[in-house]
Amino acid sequence: MMAYTNPFRFIQQVRSEVSKIVWPTRREVFVTTIMVFIMAAITAAFFALVDIAIRNGLQGILSLFA
């Protein structure tokens with residue numbers, strides 16, 4: 001059975017929890033966004049290089065049997 005909470009008390013609790021939120025500064029958002037783009041570019045480059053290496057390796061193996 002669920003406990004019943006007074007709506008007034010619930011709103012007080014919500015306001016109390018919302019007041020605990022620490023919002024990031026504009027600079028923190030900017031730096032984090034730039035870091036996400038940098039990490040995405042590094043990841044894309046890594047997987048592109050792995051893809052090229054696998055493709056060249058498979059082409060080399062298949063050319064032995066052709």
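This report covers the helices, an aromatic pair, a nonpolar patch and a salt bridge in a predicted model.

## Helix α1 and the segment before it

Helix α1 spans residues 7-19. It has 13 residues. From the first C-alpha to the last, α1 reaches 18 Å. That is close to the 18 Å expected at 1.5 Å a residue.

N6 caps the N-terminal end of this helix.

A3 sits in the segment before α1. A3 is exposed, because its relative accessibility is 72% and the exposed class begins over 50%. A3 and Q13 are 10 residues apart in sequence. In space, their C-alpha atoms are 15 Å apart.

## The salt bridge

The count of salt bridges comes to one. The partners are E17 and K20. Their closest N and O atoms are 3.2 Å apart, and the cut-off is 4 Å.

The two partners fall into separate accessibility classes. E17 counts as partly exposed, at 47% relative accessibility. K20 counts as exposed, at 54%.

Helix α2 covers residues 26-65. F46 lies in this helix.

The structure holds one aromatic pair. F46 and F47 form it, with ring centres 5.1 Å apart. Their planes meet at 70 degrees, so the pair is edge-to-face. The angle cut-off for that class is over 60 degrees.

F47 is exposed, with a relative accessible area of 52%.

## The nonpolar surface patch

Which residues make the nonpolar surface patch? They are F46, F47, V50, I54, L58, I61, L62, L64 and F65. The patch has an area of about 1,000 Å².

Patch membership requires over 30% relative accessible area. F46 has 49%, and F47 has 52%.

Conventions
Residues numbered from 1 in each chain as written. Predicted model: local features only at pLDDT ≥ 70, side-chain atom pairs only at ≥ 80, totals over all residues. Heavy atoms only, no water. Phe/Tyr/Trp six-rings, centres within 6.5 Å; stacked < 30°, edge-to-face > 60°. Buried < 20%, exposed > 50% of the residue type's maximum accessible area, 1.4 Å probe, protein only. Patch = residues over 30% accessible without salt bridge, like charges linked within 9 Å, V, L, I, M, F, W, Y side chains within 5 Å. Areas by Shrake-Rupley, 256 points an atom, 1.4 Å probe, with all protein chains shown as cover. Salt bridge = Lys/Arg side-chain N within 4 Å of Asp/Glu carboxyl O. Helix = DSSP H or I, 4+ residues; strand = E, 2+ residues; numbered from the N terminus. Expected span 1.5 Å × (residues − 1). Polar contact = N/O pair within 3.5 Å; in protein donor to acceptor, adjacent residues only side chain to side chain.
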